[in-house]
Amino acid sequence: MILPEADLELLLKARHPHPHDVLGMHTAKQKGKKVILVRALLSDAKTCEVVNIATNERYPLKMLDEAGLFEGIIPGAKEHFAYRLRTERYNGEIRQFWDP
């Protein structure tokens, strides 16, 4: 998990003063290297993937909390790109949509 514990706690309590600073696609540093990561908070999602609009490649995100907080690094990505989120809901429904 890259998300700081304090941000995780504030997001889950719906008390984060700037949630868009941590949700969505962002540039971050991991082991001194620039990475592209995505976070999403989707309370009804069992799974979540990032779908690259240009290539249709899918990248699974890891669930950080049962409340529906997901995070993942996009392997090989150097810059932000247009994407949609693809989720499987607990009722089995598959949805694909623009990240709000």
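Begin with the aromatic rings: a search of the whole structure finds one aromatic pair. Select Phe-81 and Tyr-83, which form that pair, edge-to-face, at 6.4 Å centre to centre and 75° between the planes. Rings of Phe, Tyr and Trp (its six-membered ring) pair if their centres lie within 6.5 Å; planes under 30 degrees apart are stacked, over 60 edge-to-face, the rest tilted. Both residues are buried (under 20% relative accessible area; exposed is over 50%, partly exposed in between; 1.4 Å probe, protein chains only).

This is a predicted model: local features need pLDDT of at least 70, side-chain atom pairs count only at pLDDT 80 or more, and totals for chains, interfaces and linings use all residues. Residues are numbered from 1 along each chain as its sequence is written, and side-chain values use heavy atoms, without hydrogens and water.

Next, select Arg-84 and Trp-98. Arg-84 lies over the face of Trp-98, 5.1 Å from the ring centre (the cut-offs: NZ of Lys or CZ of Arg within 6 Å of the centre and within 35 degrees of the ring normal).

Move to helix α1, residues 5–12. Helices (H or I, at least four residues) and strands (E, at least two) are DSSP runs, numbered from the N terminus. Colour Asp-7, Leu-8 and Leu-11, the buried residues of α1. They fall within an arc of 105° seen down the axis, so they line one face of the helix; the arc uses directions from the helix axis to the C-beta atoms. On the other side, Glu-5 and Ala-6 are exposed.

Finish in strand β6 (residues 69–73) at Glu-71. Glu-71 counts as buried because its relative accessibility is 8%.

Notes: pLDDT is the predictor's confidence in each residue, from 0 to 100.
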